[in-house]
Amino acid sequence: MRELNIKIVWMYHDIMDLYGDKGNMMVLKRRCEERGIGITIDTCGIGETCDLSTYDLIFLGGGADREQMMLIDDLLSRKENIQKAMDTGSFFFLVCGGYQLFGQYYIAADGSKIKGLQFFDYYTDTGKDGMRCIGNIVIECNLDGNKIIAVGFENHGGQTYNVKHPLGKVIKGYGNSFNEKMEGFYNGQVFGTYLHGPLLPKNPKIADFMIVKALQKQHPDYRLQDLEPLNDQLEEKARRILFKRWGLSDTN
């Protein structure tokens, strides 16, 4: 049996932790440990030296306008290193503000324009008259051929447009913008979403998918079916209750 290990870095952990995003890291840690997969979770803050290309999974959570403005100069200074991480096969998990900042730009609520990393064509404008997308959200996504119904919570004034590779179709809620009915971004390597709550405790299949994507940097032949199943009865019961409350059927 081969030894499996993954290295994760949580960027700007001290300021980008909106709506319990820390829970995503807790879930990945627990699910790896229960399987005997070695896991290291480091953090990287403003001004800290960190070679992102040495990590298998890079996580950037959500934050308000103030936090995004605080970190943007530091984040832009790391663009070349982020590109190196992409080129060497690191997997990216981006939530809300983190997702927005990988696009062209973000217009804050006060009208100021924050330049993004510009890796992708999408951009984010602010909601008109202070309007926000708020509430529970359910999306149907296809992750490398795996159909998964994801549930989470969204609360964002930013409206993201020109997303050429959306993560999924909205079943309940808003998504990238008020009327688009598509949510997030996924291109096989970068997973961007507005789903807070945090996302992974409510969606164990997505957590396992991310573990596999992280493992594939060092073990390209590793597949989702190779991952030891865990007892997710509690998580699935919680999901069934939520879907029943919303009048929806949870098929995955």
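## Close-up views of a predicted model

**View 1. The β8–β9 hairpin.** In the hairpin of β8 and β9, D144 takes a positive phi near 55°, and two residues lie between the strands. Strands here are DSSP runs of E, at least two residues long, and helices are runs of H or I, at least four, numbered from the N terminus. The model is predicted: local features need pLDDT of at least 70, side-chain atom pairs count only at pLDDT 80 or more, and totals for chains, interfaces and linings use all residues. Residues are numbered from 1 along each chain as its sequence is written, and side-chain values use heavy atoms, leaving out hydrogens and water. β8 (residues 133-143) pairs with β9 in the antiparallel sense over 11 bridges; pairing requires at least two DSSP bridges. C133 stands opposite H156 in β9. N142 stands opposite K147 in β9.

View 2. The open sheet runs β9-β8-β11-β12, with antiparallel pairing. β9 and β12 (182-183) stand at the edges with a single partner strand each, so one side of each lacks a neighbour in the sheet. Helix α6 (residues 204-215) packs on the sheet and touches β8 and β9; contact means heavy atoms within 4.5 Å. The direction of α6 makes about 105° with that of β9. Axes are lines fitted to C-alpha atoms, for helices over the stretch in contact, and angles run from 0 to 180 degrees between N-to-C directions. Helix α7 (residues 233-246) lies across β8, β9 and β11 (168-172), at about 70° to β9. Eight of the 11 residues of β9 (residues 146-156) are buried, so this strand is largely enclosed by the rest of the structure. Buried means under 20% relative accessible area (1.4 Å probe, protein chains only).

**View 3. Aromatic pairs.** The whole structure holds 19 aromatic pairs. Rings of Phe, Tyr and Trp (its six-membered ring) pair with centres within 6.5 Å; planes under 30 degrees apart are stacked, over 60 edge-to-face, the rest tilted. Y99 and Y122 form a tilted pair, 5.0 Å centre to centre, with 55° between the planes. Y99 sits in helix α4 (residues 97-100) and Y122 in the loop between β6 (113-115) and β7 (123-126), 23 residues apart. Y99 is buried at 0% relative accessibility, and Y122 is buried at 1%. The ring centres of Y186 and F191 lie 6.2 Å apart with planes at 65°, so this pair is edge-to-face.

**View 4. A lysine over a ring.** K7 lies over the face of Y55, at 4.7 Å from the ring centre. The criterion is NZ of Lys or CZ of Arg within 6 Å of the ring centre and within 35 degrees of the ring normal.

Methods:
Buried means under 20% relative accessible area, exposed over 50%, partly exposed in between (1.4 Å probe, protein chains only).
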